[in-house]
Amino acid sequence: MSHATREEFAASLRQVLVLADTQKSEVLAEVGEVHTWLQGHGLSVQLEENVRAFSQEFAGPGKGFSGPRPDLIVVLGGDGSVLSAARVFAEEPVPVVGIKFGQLGFLAHVEARTWREGLGDVLAGRAEWEDRMMLEAQGDEGLSAVALNDLVLSRGDTHGLLTLRLEVGKEVVTDYRADGLIFATPSGSTAYSLAAGGPVLAPSMNGVVVTPIAAHSLSNRPLVLDPLLEASVCVSGAAGPVSLVVDGHPLASLQEGARLIIRRHRNTYPLLAPAGATPWRRLRERLGWRGSFFGAEPGFSPGADSDGQGS
């Protein structure tokens, strides 16, 4: 997004929805200050103090937020809270800026200690704008889902491996014998897929990462699919129900023979970050990529951010 367009967005801000995970004591202590600060900048603010309950009430097929449509969503919590917000507004995305009170924060970009500066960047039109690819899935009996991070098929509590057939377009790719299969967006490539051995994709990319979970074959490796092609996965073999988990939330239990169609969603989801923030800087900070075993790398010092400040 151009600088002029970001300034136009900032100038149009009137209504802000604050979603807070007040089960975290740090959020509970800070949410009142955020609310007051936003009102002090002339904004109309709606505060929801239980982001999980908010998501459960308004997310999903046939549902939708019934209040005034916000121009901006401010999330206080971790990445899960950002995902909850995106789940509600996936069909009509509203820009989200996340204030990180979680452990990692690949989606919540503003540090809790600098939230005034981060929100100031948004209101001044200086914030970085990241349009994130989403996935949608459709299954039997009207099953549907939208994911910003990932869709996961897993054996859950069932003993024994699953057999999952992957097709791309009209072509069979392979049959996985594994505990499960992860379909991740570039945003989700740093989540469960990364822990299962998948690659990290730049968040600006369009691609679908397919990562097997504990595959019973050394030749089964993560794949990156063309997002313009439709993928399908069939539960060819299972000793019991197969769990479908969407962005960390259990959605459905599938039986043997069930099929899911997975494709790129028509919408992207806009996430906002402080001015000057980059995905690679976040990776260095969140994953602990500091310097090298052979001395400091050019451009930053071990234990410091790229601007020279400690993390």
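Q: Arg14 first. Buried or exposed?
A: Exposed. Arg14 has a relative accessible area of 52%. The cut-off for exposed is over 50%, so Arg14 falls in that class. Keep in mind that this is a predicted model.

Q: Where does Arg14 lie?
A: In the loop between helix 1 (3–11) and strand 1.

Q: Which residues is Arg14 in contact with, leaving aside neighbours within four places in sequence?
A: Leu43, Ser44 and Asp71. Arg14 and Asp71 are 57 residues apart along the chain, and their C-alpha atoms are separated by 6.5 Å.

Q: And the polar side-chain atoms of Arg14? What lies 2.8 Å from one of them?
A: The backbone oxygen of Ala11.

Q: OK, confidence. What does the chain average in pLDDT?
A: The average is 90. A score of at least 70 is reached by 92% of the residues.

Q: Where does pLDDT stay under 50?
A: Over residues 302–311. For that stretch the model has 23 contacts beyond four places in sequence.

Q: How is the chain divided into domains?
A: Domain 1 covers 6–126, and domain 2 covers 134–266. Their C-alpha centres lie 29 Å apart. In the contact, domain 1 supplies 9 residues and domain 2 supplies 12 residues.

Q: Let's go to helix 3. Which of its residues are buried?
A: Helix 3 spans residues 51–58, and its buried residues are Val51, Phe54, Ser55 and Phe58.

Q: Why say they line one face of the helix?
A: Look down the axis of helix 3. The buried residues fall within an arc of 95°, so they share one face.

Q: What does the face turned away from the buried side carry?
A: Gln56 and Glu57, which are exposed.

Q: What covers the buried residues of helix 3?
A: The cover includes strand 1 (15–20), strand 2 (44–48) and helix 4 (79–89).

Q: Helix 4, then. How many of its residues are buried?
A: 10 of its 11 residues, so helix 4 is mostly covered. Among the buried ones are Asp79, Arg87, Val88 and Phe89.

Q: Back to helix 3. What caps its N-terminal end?
A: Asn50 does. One of its side-chain oxygens lies 3.3 Å from the backbone nitrogen of Arg52.

Q: And which residue with positive phi follows helix 3?
A: Gly60, with phi near 115°.

Q: Aromatics now. How many pairs does a search of the whole structure find?
A: It finds 6 aromatic pairs. One of them joins Phe54 and Phe65. Their ring centres are 5.4 Å apart and the planes meet at 55°, so this pair is tilted.

Q: Why does that pair tie together separate parts?
A: Because Phe54 is in helix 3, while Phe65 is in the loop between helix 3 and strand 3 (72–77). The parts are 11 residues apart in sequence. Both Phe54 and Phe65 are buried.

Q: What about Phe58 and Phe65? What kind of aromatic pair do they form?
A: An edge-to-face pair. The distance is 5.3 Å centre to centre, with 90° between the planes.

Q: How buried are those two? What are the numbers?
A: Phe58 has a relative accessible area of 10%. Phe65 has 18% relative accessibility. Buried means under 20%, so Phe65 still counts.

Q: Which residues do ring pairs link into a cluster?
A: Phe54, Phe58, Phe65 and Phe89. Phe89 is one of the buried residues of helix 4.

Q: Last one, Ser193. Which helix is it in?
A: Helix 6, residues 192–195. Ser193 counts as buried, at 0% relative accessibility.

Q: What does Ser193 touch, not counting residues up to four places away?
A: Ile182, Ala184, Gly188, Gly198, Val209 and Thr211.

Note on methods
Residues are numbered from 1 along each chain as its sequence is written. This is a predicted model: local features need pLDDT of at least 70, side-chain atom pairs count only at pLDDT 80 or more; totals for chains, interfaces and linings use all residues. Side-chain values use heavy atoms; hydrogens and water are left out. Buried means under 20% relative accessible area, exposed over 50%, partly exposed in between (1.4 Å probe, protein chains only). Helices (H or I, at least four residues) and strands (E, at least two) are DSSP runs, numbered from the N terminus. The arc is that of the directions from the helix axis to the C-beta atoms. Contact means heavy atoms within 4.5 Å. A polar contact is a pair of N or O atoms within 3.5 Å; within protein, one must be able to donate a hydrogen and the other to accept it, and residues adjacent in sequence count only if both atoms are side-chain atoms. Rings of Phe, Tyr and Trp (its six-membered ring) pair if their centres lie within 6.5 Å; planes under 30 degrees apart count as stacked, over 60 as edge-to-face and the rest as tilted. pLDDT is the predictor's confidence in each residue, from 0 to 100. Domain bounds come from an automatic or database domain assignment.
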